Amino acid sequence: MQDWQKETIIAHSTLTALLDSVNNSRYRMQPFREKQRELVRQFVGYNYSYDGAYAPVPVNLIETASVVYMQNLFSQMPQATVSSPYDKFYEDARDIETDLNDHIENLDLDLPIGKAVLNSLFSLGVVKVGEQLTGDIEVDEVMIPMGDPYALPVHIDDFVMDMEARDMHELRFIGNRYRMDFELAVTTFGYNQAAQDQLQPTSTPTRYNEFGDERTETMSMGQSVRDRSEFKPHVELWDLYLTREGLLITVPAESAGLQTALPTVLKARIWKGPPRKANSMNCGPFHLLWHNDVPGNFFPLSPMSVL
């Protein structure tokens, strides 16, 4: 992947408009986040933690339905099948298939996909894929970057997509928020003082999203007023994929919301993934899973929402 300086990628006014649109979409997604949290509260039941269901029920239908769905939708490690119409390539195809399945197992690909499938039962399933550079390899006296692929589940608390779109095919941006070790972030993104000033370290992840709705993960944190304290300070970042431009940009964030004052693009790169079919969704590194479309509405309906 090739990087460009931020000045040649996106104008300041355009970036500010983008972040305003992202904030607006995050605000419009708040009801779906809150409903998802309430469904998960019923899923874990009364005895999970102090933040579980408000009252015990004899039979937890949401948990039972989730188990049945998961057994039918995702019950084992994904497997690749490689074949050839030519008999002479049969052994080669089998060798490639074996290597691919070994690689899938080494990646533990069942974990992120399984979590995304489970998330889709309550709201929207999202997996983010990419390649993490691990070094260079010399080929014909040319140094070529070498990396390992990865796949990560993205929860709706840390997800945003263009809520102004009327259809999934019309998305103008899609992205996710994540935390990174502060020292690593400075090494990776602190190429100048302006960028370093935007990286604000924190040691206590917030219990709430930027518009005040409580994060789903707090169910396992208890009702203590004390937030978590991490071993090392971290920073919060957003990766935003611009569908029409084919750009993946990284911008800093704060626990109270995206920074809109003096925004800085920490990194920008052209997304180079597998080719998309004509008229298919262009979500870059993000893969979405949902179950039910709603007539005349953009956001899908999850199976657990109708129980």
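Visitor: Why is Ser 21 called buried?

Guide: In this predicted model, Ser 21 has a relative accessible area of 17%. The term buried applies under 20%, so Ser 21 is buried. Ser 21 lies in helix H1. Leaving out residues up to four places away in sequence, Ser 21 touches Asp 162, Arg 172 and Phe 173.

Visitor: What makes Asn 23 count as buried?

Guide: Asn 23 also has its place in helix H1. The relative accessibility of Asn 23 is 16%, and the limit is under 20%; Asn 23 therefore counts as buried. Although Asn 23 and Val 160 are 137 residues apart along the chain, 8.8 Å separates their C-alpha atoms.

Visitor: Which other residues of H1 are buried?

Guide: The buried residues of H1 include Leu 15, Thr 16, Leu 18, Leu 19 and Val 22. Ser 25 and Arg 26 are also among them.

Visitor: How do you know that the span of H1 agrees with its number of residues?

Guide: H1 has 17 residues, which at 1.5 Å a residue should span 24 Å. The C-alpha atoms at its ends are 24 Å apart, so the two values agree.

Visitor: Why are H2 and H3 called roughly perpendicular?

Guide: Helix H2 (residues 30–44) and helix H3 (residues 61–73) pack at about 90 degrees, with 7 Å between their axes. The range for roughly perpendicular is 65 to 115 degrees, so the description applies to H2 and H3. On the H2 side the contact is made by Leu 39, Gln 42 and Phe 43, and on the H3 side by Ile 62, Glu 63 and Ser 66.

Visitor: What makes Asp 108 partly exposed?

Guide: Asp 108 has a relative accessible area of 38%. Buried requires under 20% and exposed requires over 50%; 38% lies in between, and Asp 108 is therefore partly exposed. Asp 108 is found in the loop between helix H4 (90–106) and H5. Its phi is near 55 degrees, a positive value in a residue other than glycine.

Visitor: How does the reach of helix H5 compare with the expected value?

Guide: H5 (residues 110–122) has 13 residues and reaches 19 Å from its first C-alpha to its last, close to the expected 18 Å. Among the buried residues of H5 are Pro 112, Gly 114, Val 117 and Phe 122.

Visitor: What makes S4 a mostly covered strand?

Guide: Seven of the nine residues of S4 are buried. S4 pairs with S3 in the antiparallel sense over three bridges, and Phe 159 stands opposite Asn 176 in S4. S4 also runs antiparallel to S5, joined by nine bridges. Met 180 has Val 235 in S5 as its bridge partner.

Visitor: Which residues have the most contacts inside the largest nonpolar core?

Guide: That core has 36 residues, and those with the most contacts inside it are Phe 159, Met 161, Ile 174, Leu 240 and Ile 249. Two or more residues each come from H1, S3, S4, S5, S6 and S9. S6 gives the largest share, five residues. Beyond its neighbours within four places in sequence, Leu 240 is in contact with residues including Leu 18, Val 160, Ile 174 and Val 251. A second, separate core has eleven residues, including Val 40, Phe 74, Val 117 and Met 219.

Visitor: How many helices and strands does the protein chain have?

Guide: The protein chain has seven helices and nine strands. Of its 307 residues, 42% count as buried. Among contacts between residues at least 6 apart in sequence, 65% join residues at least 24 apart.

Key. Residues numbered from 1 in each chain as written. Predicted model: local features only at pLDDT ≥ 70, side-chain atom pairs only at ≥ 80, totals over all residues. Heavy atoms only, no water. Core = buried A, V, L, I, M, F, W, Y, C linked by side-chain atoms within 4.5 Å. Buried < 20%, exposed > 50% of the residue type's maximum accessible area, 1.4 Å probe, protein only. Helix = DSSP H or I, 4+ residues; strand = E, 2+ residues; numbered from the N terminus. Contact = heavy atoms within 4.5 Å. Pairing = 2+ DSSP bridges. Expected span 1.5 Å × (residues − 1). Axes fitted to C-alpha atoms, helices over the stretch in contact; angles between N-to-C directions. Parallel < 35°, antiparallel > 145°, perpendicular 65-115°, else oblique.
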